[in-house]
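My entries are kept in the order in which I looked.

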Amino acid sequence: MRQSAKIRKTAETEIILNLNIDGEGKYKINTGIKFFDHMLEQFAHHASFDLDIDVVSKDKDNHHVVEDVAIVLGDALKEALGDKKGIRRYGEKILPMDEALVLSVVDISGRIFSKVTAEIRDEKTSDFETVILPHFFSSLAQNAQMTIHIRMLDGYDTHHIIEAVFKSFARALKIAVSIDEKNSQKIPSTKGII
């Protein structure tokens, strides 16, 4: 099983995270941010990852919670993938959510890059500050050492756009981390490492 358990304690947050990327999409999420919990539940379900996250916010700043969850999740993902032998490496998904349409593409490459292109008109949806969305994926990419491109193709409802972002990213990542049975003993790179 490809899995990881992480604990991160800072002056701002305390996070306990358990990840199994060969899971069934089971989750138990408590970040203290209702909408963010919902997005992480969607992520776990659509990636088929088992994911437990428990967060204590010491400074009551939601920005720090979202950023630190991304850091720990990225670190856990990197550890769970190990030497990345046999993974497909690339994944992509175009996903609709009512009027919203989002494309996500990932490369588990060891190269760090993240770009989220989405026109989000509202500053908040529920208790989630939308400005933090690109930073979440940037922190995740940095700590997982991967490339992430997310592009909104259509949409206007903030909730639908962000939910489509998390679902499409999850589905793309599910493809990228899956094992290519034909090449299960190979590193998917001509360099021999990722």
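**Ground rules.** I note that this is a predicted model, in which local features need pLDDT of at least 70 and side-chain atom pairs count only at pLDDT 80 or more, while totals for chains, interfaces and linings use all residues. Residues are numbered from 1 along each chain as its sequence is written, and side-chain values use heavy atoms, with hydrogens and water left out.

Two packed helices are described by the angle between their axes and the distance between the axes. I took helices (H or I, at least four residues) and strands (E, at least two) as DSSP runs numbered from the N terminus, and axes as lines fitted to C-alpha atoms, for helices over the stretch in contact, with angles from 0 to 180 degrees between N-to-C directions. For helix α1 (residues 34–47) and helix α2 (residues 62–81), I found axes that come within 12 Å and cross at roughly 20°. The two are therefore roughly parallel to each other, a term for angles under 35 degrees, whereas those over 145 count as roughly antiparallel, 65 to 115 as roughly perpendicular and the rest as oblique. The contact (heavy atoms within 4.5 Å) is made by F36, L40 and F43 of α1 and by V65, V66, V69 and L73 of α2. I sorted these residues by class and got 7 nonpolar, no polar and no charged, counting Ala, Val, Leu, Ile, Met, Phe, Trp, Tyr, Cys and Pro as nonpolar, Asp, Glu, Lys and Arg as charged, and the others, Gly among them, as polar.

**Helices α2 and α3.** I next looked up α2 against helix α3 (residues 133–144), where the axes come within 7 Å and cross at roughly 30°. That makes α2 roughly parallel to α3. The contact includes V66, A70 and L77 of α2, and F136, L140 and A144 of α3. By class I recorded 9 nonpolar, 5 polar and 3 charged residues for this contact.

**Salt bridges.** Side chains of opposite charge can pair when their charged atoms come close. With a salt bridge taken as a side-chain nitrogen of Lys or Arg within 4 Å of a carboxyl oxygen of Asp or Glu, the count comes to 11. In one of them D107 pairs with R89, the closest N and O atoms being 2.6 Å apart; D107 lies in strand β6 (residues 100–107) and R89 in the loop between α2 and β5 (90–97), 18 residues apart. I checked burial (buried is under 20% relative accessible area, exposed over 50%, partly exposed in between, with a 1.4 Å probe and protein chains only): D107 is buried at 10%, and R89 is buried at 8%. D107 also forms a salt bridge with R111, with closest N and O atoms 3.7 Å apart, and R111 is partly exposed at 46%. I then found K167 bridged to E163, with closest N and O atoms 3.0 Å apart. These two are 4 residues apart in helix α4 (residues 158–177), so about one helical turn separates them, and both K167 and E163 are buried.

**A141.** Which residues does A141 touch, leaving out those up to four places away in sequence? I listed I112, F113, S114, M146 and I148. A141 is found in helix α3 and is buried, with a relative accessible area of 0%.
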